[in-house]
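Have the sequence and the coordinates open side by side.

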Amino acid sequence: MTESLTFRVNGASRTVETEPWTPVLEVLRERLGLTGTKEGCAVGVCGLCSVTVDGELLSACLVPVAAVAGCDITTVEGLADQERLSTMQDQFIAHGGFQCGICTPGQLIAATALLDENPRPSEDDIRDWLGGNLCRCTGYQQIVDSVSAAAASRAGDVAA
């Protein structure tokens, strides 16, 4: 049984006709064409499908779309504005916080959510927060450096 469900994605109101138990990840990728959010494990442990829903970091592969009706969803496509990358995206580029890129969208969303909650995280805070976002390429130090630099930039400190 399909339902008409409305929510906001990256600031735009969207309505989809779908079964209420369809995962948010499937709706984002298949119905809305937002392919930046990736599927890795389909069980919520890899972090590739990270999105925020009303500011809370969630695994889009686990959340049924009915649970986000009326909510605000942010995907990696929503981090930049039309003219400029976000501070986090800039710092990932500047510090090499990506290599193959498969985990990068989830890392960017999770790191942005961290700074929204904790504007001045320690290195341990960053490592702990991003523990659910797996990366097989970087060794994580570049990611930690990227998040630290983004925090400094947001705070108005001299960027690292």
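Which residue forms a salt bridge with Asp 116? The partner is Arg 154, and the closest N and O atoms are 3.1 Å apart. Asp 116 sits in helix α3 and Arg 154 in helix α5, so the pair ties together parts that are 38 residues apart in sequence. Bear in mind that this is a predicted model. Asp 116 has a relative accessible area of 56%, so it counts as exposed, the cut-off being over 50%. Arg 154 has 43% and is therefore partly exposed.

Side chains of opposite charge can pair when their charged atoms come close. The structure holds four salt bridges. The pair of Asp 116 and Arg 154 is one of them.

Another joins Glu 123 to Arg 127. Here the closest N and O atoms are 3.3 Å apart. How many residues apart are Glu 123 and Arg 127 in helix α4? They are four residues apart, which means a separation of about one helical turn. Glu 123 is partly exposed, with a relative accessible area of 39%. Arg 127 is also partly exposed, at 35%.

A further salt bridge brings together the side chains of Arg 84 and Asp 90. The N to O distance is 3.1 Å. Is Arg 84 buried or exposed? Arg 84 is exposed, because its relative accessibility is 53% and the cut-off is over 50%. Asp 90 reaches 21%, so it counts as partly exposed. Buried would mean under 20%.

Now turn to the helices. Helix α2 covers residues 87-94, and α3 covers 104-117. How do their axes meet? The axes of α2 and α3 come within 10 Å and cross at roughly 125°. That angle makes α2 oblique to α3. The crossing of α2 past α3 is right-handed.

The loop between α2 and α3 holds Phe 98. Phe 98 has a relative accessible area of 33%, so it is partly exposed.

The last stop is the backbone. Most residues other than glycine have a negative phi, and most peptide bonds are trans.

What is the phi of Ala 42? The value is near 65°, which is positive in a residue other than glycine. Ala 42 is placed in the loop between α1 (24-31) and β3 (50-53). Its relative accessibility is 38%, so Ala 42 counts as partly exposed.

Tyr 140 is not a glycine either, yet its phi is positive, at about 75°. Where does Tyr 140 lie? Its place is the loop between α4 (123-129) and α5 (141-155). Tyr 140 counts as partly exposed because its relative accessibility is 24%.

Glu 123 and Arg 127 are in helix α4, while Arg 154 is in helix α5.

How values were computed. Residues are numbered from 1 along each chain as its sequence is written. This is a predicted model: local features need pLDDT of at least 70, side-chain atom pairs count only at pLDDT 80 or more; totals for chains, interfaces and linings use all residues. Side-chain values use heavy atoms; hydrogens and water are left out. Helices (H or I, at least four residues) and strands (E, at least two) are DSSP runs, numbered from the N terminus. Buried means under 20% relative accessible area, exposed over 50%, partly exposed in between (1.4 Å probe, protein chains only). Axes are lines fitted to C-alpha atoms, for helices over the stretch in contact, and angles run from 0 to 180 degrees between N-to-C directions. Angles under 35 degrees count as roughly parallel, over 145 as roughly antiparallel, 65 to 115 as roughly perpendicular and the rest as oblique. A crossing is left-handed if the near helix is turned anticlockwise from the far one by less than a right angle, and right-handed if clockwise.
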